[in-house]
Protein chains: 2
Amino acid sequence: MPAPLMPREEVVRRLLEVFRGHGFDGASLAQLSKASGLGKSSLYHYFPGGKEDMARAVLEEVERWMAAHVLAPLAAPGTPARRLARMVKALDELYDGGRAACLLGNMLVGDARRLFRKPLKDAFGAWIEALASVARDAGMSATPARLWAEETVLSIEGALVLARGLDDPEPFRRVLRRLPGTLARS
Amino acid sequence: MPAPLMPREEVVRRLLEVFRGHGFDGASLAQLSKASGLGKSSLYHYFPGGKEDMARAVLEEVERWMAAHVLAPLAAPGTPARRLARMVKALDELYDGGRAACLLGNMLVGDARRLFRKPLKDAFGAWIEALASVARDAGMSATPARLWAEETVLSIEGALVLARGLDDPEPFRRVLRRLPGTLARS
DNA sequence: TCACTGTTGGACCAACCGGTCCAATAAACG
DNA sequence: CGTTTATTGGACCGGTTGGTCCAACAGTGA
């Protein structure tokens with residue numbers, strides 16, 4: 001029983017890059033195979049359900065990543081500003097300073113949206129709830145906290161779209177830079 | 001020389017719906033043919049360059065639509081608030097109250113982004129410039145006006161993403177509702 | 001009426017799609 | 001060392017892709 005040459009986690013991470021760049025429909029098995037360095041057979045060994053399975057694993061990886069680098073820091077002890085700052089730093093890396101697209105956002109296009117409606121909804125929902133919790137800790141009452149949280153996620157997603165549209169990562173960086181201030185000012 | 005049964009404009013509008021729902025990669029010729037009611041041959045008569053040509057025509061149609069329903073109202077005489085309100089109304093219809101996706105946004109995924117980089121950049125750029133002009137008319141100086149304009153576009157795009165992610169058009173409606181106020185307050 | 005001509009459907013094509021299969025491999029164990 | 005077995009590459013499958021082609025069509029002008 002030979003150990004796998006590449007840990008499944010690493011495979012998933014490579015698949016993620018393909019889906020993130022091309023979306024679900026646009027990601028072909030040939031690309032997925034090339035990017036992962038695995039033959040089709042090995043790919044189907046890891047993911048018996050084919051492309052849909054791969055995308056599902058990628059989404060779960062994103063959920064894990066979010067839990068570790070976004071939800072956990074937001075829920076950790078510390079001042080709201082400090083907790084937000086840790087999320088900002090993680091997002092800046094995840095999105096390569098505004099140069100990379102959002103996997104979740106790209107999964108909302110075409111068949112993928114129907115296929116992954118629930119995990120997508122849950123991911124956005126969890127993110128918003130974690131942010132709202134921080135806002136409440138900063139003294140906001142429930143409803144404004146929720147609205148601020150939605151607006152925050154919305155700004156980040158919108159910034160990624162605009163950054164790709166204008167071919168300039170600046171809008172994304174500006175949104176991240178301003179983010180902590182929006183909490184204090186509200 | 002028989003007149004075309006369907007004006008080219010109407011064909012393009014039908015193709016738009018397919019691209020907007022499935023993105024460029026996800027839109028197949030079979031879907032495009034069915035949605036337009038045209039056989040492949042007729043489709044290639046209208047668009048000799050194939051799918052890329054169709055997408056280009058769709059993008060041009062969007063540019064025309066934007067010019068008529070967004071840029072023109074924003075540049076028209078009237079108070080800034082009134083001009084903004086007219087754009088808001090148009091956008092609310094275009095995006096079906098937050099239930100429909102953004103064609104421009106979906107064109108940023110996969111090969112399409114490379115293919116249509118320039119028209120996409122121009123479309124976003126023109127939109128932002130028209131908004132910035134309104135902001136300047138409202139008394140803002142150049143730089144804040146530009147920032148406000150970018151933030152406005154970013155909020156709309158982000159709201160569309162979030163609305164689709166949460167499966168709830170409310171974030172989009174809220175952004176539109178609040179939009180006029182953001183100008184006054186800045 | 002009839003030739004003309006822009007338009008049409010759909011057969012057809014090679015290439016690629018997602019997916020299956022199996023012989024060959026190579027670490028672990030006896 | 002040989003057996004076992006999880007893992008592997010890649011040939012292969014039917015179906016679909018984007019794209020081509022052409023015979024038939026239907027208004028128009030003479």
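A residue is taken as buried when its relative accessible area is under 20%, as exposed when that value is over 50%, and as partly exposed in between. The structure described here is a predicted model, and by the above criterion Asp96(A), at 40% relative accessibility, counts as partly exposed. This residue lies in the loop of chain A that runs between α5 (80-94) and α6 (103-106), and its phi angle is near 50 degrees, a positive value in a residue other than glycine. In chain B, Asp96(B) is likewise placed in the loop between α5 (80-94) and α6 (103-106), with phi near 50 degrees, again positive although the residue is not a glycine. The relative accessible area of Asp96(B) is 41%, so that Asp96(B) is partly exposed.

With regard to the overall architecture, chain A contains 10 helices and zero strands, and its order of elements along the sequence is accordingly written α-α-α-α-α-α-α-α-α-α. The C-alpha trace of chain A extends over about 55 × 40 × 30 Å along its principal axes. Of the 186 residues in chain A, 51% count as buried. When contacts in chain A between residues at least 6 apart in sequence are considered, 62% of them join residues at least 24 apart.

The surface of chain A was also examined. Chain A exposes about 8,600 Å², and carbon and sulfur atoms supply 55% of that area.

Individual helical positions illustrate contacts between parts of a chain that are separated in sequence. Pro119(A) is located in helix α8 of chain A, which comprises residues 117-137. Apart from residues up to four places away in sequence, Pro119(A) touches Leu59(A) and Glu63(A). The C-alpha atoms of Pro119(A) and Glu63(A) are separated by 8.7 Å, although the two residues are 56 residues apart along the chain.

In chain B, Val12(B) belongs to helix α1, which spans residues 8-26. At a relative accessibility of 4%, a value under the 20% limit, Val12(B) counts as buried. When neighbours within four places in sequence are set aside, the residues in contact with Val12(B) are Phe47(B), Ala57(B), Val58(B) and Glu61(B). A further separation was computed between Val12(B) and Ser36(B), which are 24 residues apart along the chain and whose C-alpha atoms are 8.1 Å from each other.

Cysteine pairing was considered last. A disulfide requires two cysteine sulfur atoms within 2.5 Å, and by this rule the count over all chains is zero disulfides. Cys102(A) takes part in no disulfide, the nearest cysteine sulfur being that of Cys102(B), 16 Å away. Viewed from chain B, the closest cysteine sulfur to that of Cys102(B) is in Cys102(A), and because the distance is 16 Å it is too far for a bond. Both cysteines lie under the limit for burial, since Cys102(A) counts as buried at 6% relative accessibility and Cys102(B) counts as buried at 5%.

How values were computed: Residues numbered from 1 in each chain as written. Chains lettered and ligands numbered in written order. Predicted model: local features only at pLDDT ≥ 70, side-chain atom pairs only at ≥ 80, totals over all residues. Heavy atoms only, no water. Buried < 20%, exposed > 50% of the residue type's maximum accessible area, 1.4 Å probe, protein only. Helix = DSSP H or I, 4+ residues; strand = E, 2+ residues; numbered from the N terminus. Contact = heavy atoms within 4.5 Å. Areas by Shrake-Rupley, 256 points an atom, 1.4 Å probe, with all protein chains shown as cover.
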